[in-house]
Amino acid sequence: MDLGIKGRKAIVCASSKGLGRGCAIALAEAGCDLVVNGRNTEVLAATAAEIRERFGVQVIEVPGDVADPAVQKALLAACPDPDILVNNNGGPPFRDFRELDREKILTGVTNNMVAPIELIQAVIDGMAARGFGRIVNITSLSVYVPISGLDLSSGARAGLTSFLAGVARTVVNKNVTINNLLPGKLDTDRLRGPHEPGSREDPAAAAERKKRLAADIPAKRLGTPEEFGQICAFLCSVHAGYLTGQNIPVDGGLYVSAF
């Protein structure tokens, strides 16, 4: 399917690896020029180089934590008038809520609620004025399904979801949409648990881990960043202009609900 977004400009946050990388690749495949972002400069450069080589689109690298106002400023300087914004950022580490102090709570809320709202504030009026905009927020299935130990992540992302539910309805008449993707268990480094950066997992151990994690998923497998990215790209396409304010689980059927 031609997504109709060739030549569009996209900012994809936290896109050096994992789900953000999957979204960046899918948008590049659709012909979008990109601003990519990540905390590790070397990993970010490698991702950007691969995308340029594979798809021939323009790719600008902006390293750093997207929750940092200076990094947000750099993203917007690299692409002052984006057509597409994909919000993404790592969540707080797994920990009992009793271990959280005020500083940790505020950091989690800043990373997963405040930062995406700030970026949306910066780009949404320009999108509306130009008559096209697609905003996709990568949140988590834990917005729907509470997971003990991920309470801070769930709360911050649920806050973002509720905050934007009304906002989405105010700009859809200008062909600007805001939707949320809720990943379940996808095959990213985050599911590996703690590990040294750049370390390789034993193939047999990896297969056993994935089998164990997939046991309760109706699809009986982990999702991939690539297929997640293709769903994101569709939400950013010209074909998705009548879809806004929605939370879309990408979870292989793990979340059980008829509505």
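I took contact to mean heavy atoms within 4.5 Å. With that cut-off, I found that residues 24 or more positions apart account for 75% of the contacts in the protein with a separation of 6 or more.

**Basis of the entries.** I worked from a predicted model, in which local features need pLDDT of at least 70 and side-chain atom pairs count only at pLDDT 80 or more, while totals for chains, interfaces and linings use all residues. Residues are numbered from 1 along each chain as its sequence is written, and side-chain values use heavy atoms, with hydrogens and water left out.

**Entry 1: overall form.** I looked up the secondary structure, taking helices (H or I, at least four residues) and strands (E, at least two) as DSSP runs numbered from the N terminus. The protein has seven helices and seven strands. Along the sequence I read the pattern β-α-β-α-β-α-β-α-β-α-β-α-α-β. The radius of gyration is 18 Å, close to the 18 Å that the globule rule gives for 259 residues, so the protein is as compact as a globular protein of that length. I note that this radius is taken over C-alpha atoms and that the rule is 2.2 Å times the number of residues to the power 0.38. Along the principal axes, the C-alpha atoms fill a box of roughly 50 × 40 × 40 Å.

Entry 2: I called a residue buried under 20% relative accessible area, exposed over 50%, and partly exposed in between. Buried residues make up 45% of the 259 residues.

**Entry 3: nonpolar cores.** I defined a nonpolar core as a set of buried Ala, Val, Leu, Ile, Met, Phe, Trp, Tyr and Cys residues joined through side-chain atoms within 4.5 Å. The largest has 33 residues, and Ile5, Leu27 and Leu34 have the most contacts inside it. At least two residues of this core come from each of β1 (9-12), α1 (18-29), β2 (33-38), α2 (41-55), β4 (84-87), β5 (133-138) and α7 (225-235). The most is given by α1, with seven residues. I then listed the contacts of isoleucine 5, leaving aside neighbours within four places in sequence; among them are Leu27, Ala30, Ile84, Phe132, Ala233 and Val238. A second, separate core of 25 residues includes Val35, Val66, Ala128 and Leu160.

**Entry 4: strand β5.** Six of the six residues of β5 are buried, so this strand is largely enclosed by the rest of the structure. Gly133, Ile135 and Asn137 point one way from β5, and Arg134, Val136 and Ile138 the other way. I counted two strands as paired if DSSP finds at least two bridges between them. By that criterion β4 and β5 pair in the parallel sense over four bridges, and asparagine 87 has asparagine 137 of β5 as its bridge partner. From β4 the chain crosses through helix α4 (residues 102-130) to β5, in a right-handed β-α-β crossover. Right-handed here means that, with the strands pointing away from the viewer, the path from the first strand over the helix to the second runs clockwise.

Entry 5: Strand β6 (residues 176-183) runs parallel to β5 and is joined to it by six bridges. Valine 136 has asparagine 179 of β6 as its bridge partner, and isoleucine 135 stands opposite isoleucine 178. With helix α5 (residues 151-171) between them in the unit, β5 and β6 make a right-handed β-α-β arrangement. Eight of the eight residues of β6 are buried, so β6 is largely enclosed by the rest of the structure. I also found β6 paired in the parallel sense with strand β7 (residues 247-250) over four bridges; the bridge partner of asparagine 180 in β7 is asparagine 247.

**Entry 6: two single residues.** Lysine 9 is found in strand β1 and is partly exposed, with a relative accessible area of 30%. Its C-alpha atom is 5.9 Å from that of leucine 34, 25 residues apart along the chain. Serine 16 lies in the loop between β1 and α1 and is buried, with a relative accessible area of 8%. Not counting residues up to four places away in sequence, serine 16 touches Arg21, Asn37, Gly38, Val43, Leu44 and Thr47.

Conventions. Buried means under 20% relative accessible area, exposed over 50%, partly exposed in between (1.4 Å probe, protein chains only).
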